[in-house]
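Here is a short note for a colleague who is looking at this entry for the first time. The points below go through the annotated site, the ligand and the metal in turn.

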Amino acid sequence: MITMKDIIREGNPTLREVVPEVELPLSDDDKTLADEMLTFLKNSQDPEIAEKYNLRGGVGLAAPQLDKKKRMIAVHIPNMDPEINEPTFSDVMINPKIISHTVQDACLRDGEGCLSVDREVPGYVVRHARITVTYTDVNGETQKKKFKNYDAIVIQHEIDHLNGVMFYDHINKVQPFAINKDVLIID
Ligand SMILES: O=C(O)C[C@@H](Cc1ccccc1)[C@H](O)SCc1ccccc1
Ligand code: NI
């Protein structure tokens with residue numbers, strides 16, 4: 001079971017590497033890794049399990065955060081409507097690629113954090129408002145999906161991890177909350 005001790009922190013050079021594609025068809029080890037990554041996110045969102053194992057809540061996790069140099073990310077985004085128990089999106093994305101995006105940008109009003117960063121870094125993290133992503137799923141099927149709003153932000157945060165990019169790289173160093181007027185602010 002993945003716990004916080006398995007997640008590498010900023011300063012580890014792996015977080016700054018562009019990691020290679022996952023070889024297909026998936027090996028048994030990679031299938032196990034994919035399953036464990038998604039299970040970590042579900043555990044981290046379960047109050048009892050998270051407390052028992054001292055897990056930080058996460059909606060996304062990239063293999064390099066586990067010191068695994070592979071282009072693999074897990075995403076498990078709960079529905080904001082507490083009445084709806086189903087996540088808005090939950091999958092492991094292998095060799096994900098943003099094939100198109102809007103000119104319009106977006107950012108989270110509250111900024112971003114990272115399981116590999118044990119500090120607050122305030123500021124707007126400006127990203128594409130909507131993206132189209134292709135990836136291979138754990139069954140070897142090619143997927144092409146469109147994402148917007150929070151889901152698009154999370155997936156871009158995770159794909160950044162495959163390219164050695166940290167969320168604070170996107171924050172304006174001089175004016176962290178300066179954004180141009182047509183950037184969509186997501187609550
Ligand atoms: O470190 C990671 O990659 C996982 C991040 C992803 C993320 C953070 C902020 C904005 C978008 C994506 C964790 O999910 S950070 C913890 C968290 C948990 C719930 C909601 C927002 C952030
Ligand atoms: Ni992160």
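1. UniProt positions are given in the numbering used here, with feature names shortened, and annotations may be inferred rather than shown by experiment. With that in mind, the unreviewed UniProt entry lists Glu-158 under "active site".

2. This is a predicted model, in which local features need pLDDT of at least 70 and side-chain atom pairs count only at pLDDT 80 or more, while totals for chains, interfaces and linings use all residues. Residues are numbered from 1 along each chain as its sequence is written, chains are lettered from A and ligands numbered from 1 in the order in which they are written, and side-chain values use heavy atoms, with hydrogens and water left out.

3. Glu-158 lies in helix α3, residues 149–162 (helices are DSSP runs of H or I with at least four residues, strands runs of E with at least two, both numbered from the N terminus). Glu-158 has a relative accessible area of 4% and is therefore buried (under 20%, with exposed over 50% and partly exposed in between, using a 1.4 Å probe and protein chains only).

4. An oxygen atom of ligand 1 is 2.8 Å from an N or O atom in the side chain of Glu-158, and the protein covers 83% of the 480 Å² of accessible area that ligand 1 has on its own (Shrake-Rupley method, 1.4 Å probe; for residues, only the protein chains shown count as cover).

5. The nickel ion (ligand 2) is coordinated by Cys-114 (SG), His-157 (NE2) and His-161 (NE2), at 2.1 to 2.3 Å (donors are N, O and S atoms within 2.8 Å of the metal, or 3.2 Å for Na, K and Ca; water is not among the atoms, so sites may look incomplete). Cys-114, in the loop between β4 (105–108) and β5 (127–128), and His-161, in helix α3, are 47 residues apart.

Key:
Polar contact = N/O pair within 3.5 Å; in protein donor to acceptor, adjacent residues only side chain to side chain.
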